[in-house]
Amino acid sequence: MDSADPAITDPELYKVIFENARVRVLEYKDGPGSRTHPHRHPDTVMYPVTSFQRRITAGGRQVEVDIPAGGVRWVAAQEHAGENIGETVTHAIFVELKEPAPSGTSGSALGPSAN
């Protein structure tokens, strides 16, 4: 296991709910003011069960995101830390891809995107 794996860095927040040779599915739950330790995600699809607001931080950069419930997002492979800056619980499902991205498709986006 990778020491930057979110299920290791924050086991009280991330729970592995399914895994096979091609994907791993994590459930994430936290409350207002909760923070994660720095951790890494491979290319991932995020399904927000609840609406939430977060601050994502990595390498001296920060973005704030306001995600609606059901607003599925792509999260390009990245290492970051997160903070619940809203007034509601964050509940999300992450489907992490185990296969490498096709050549020439990596990006430098921080946090989730709509495509």
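My entries on sheets and a pocket follow.

I am reading a predicted model, where local features need pLDDT of at least 70, side-chain atom pairs count only at pLDDT 80 or more, and totals for chains, interfaces and linings use all residues. Residues are numbered from 1 along each chain as its sequence is written, and side-chain values use heavy atoms, with hydrogens and water left out.

Entry 1: I looked up the strands (DSSP runs of E, at least two residues, numbered from the N terminus). Four of them form an open antiparallel sheet in the order 3-8-5-6. Pairing here needs at least two DSSP bridges between two strands. Strand 3 and strand 6 (61-67) are at the edges with a single partner strand each, so one side of each has no neighbour in the sheet. Strand 3 pairs with strand 8 (residues 78-84) over three bridges, antiparallel. I found Gln78 of strand 8 as the bridge partner of His41.

Entry 2: Strand 4 (residues 44-48) and strand 7 share three bridges. Val45 has Trp74 in strand 7 as its bridge partner.

**Entry 3: the second largest pocket.** A pocket is an open set of points on a 1 Å grid where a 1.4 Å probe fits, with protein on both sides within 12 Å along at least five of seven lines; lining residues have an atom within 4 Å of a point. Which residues line the second largest pocket? I listed Asp2, Asp5, Pro6, Arg24, Arg40, His41, Pro42, Glu96, Leu97 and Lys98. Strand 3 (39-41) and strand 9 (90-97) each give two or more residues to this lining.

Note on methods. Helices (H or I, at least four residues) and strands (E, at least two) are DSSP runs, numbered from the N terminus.
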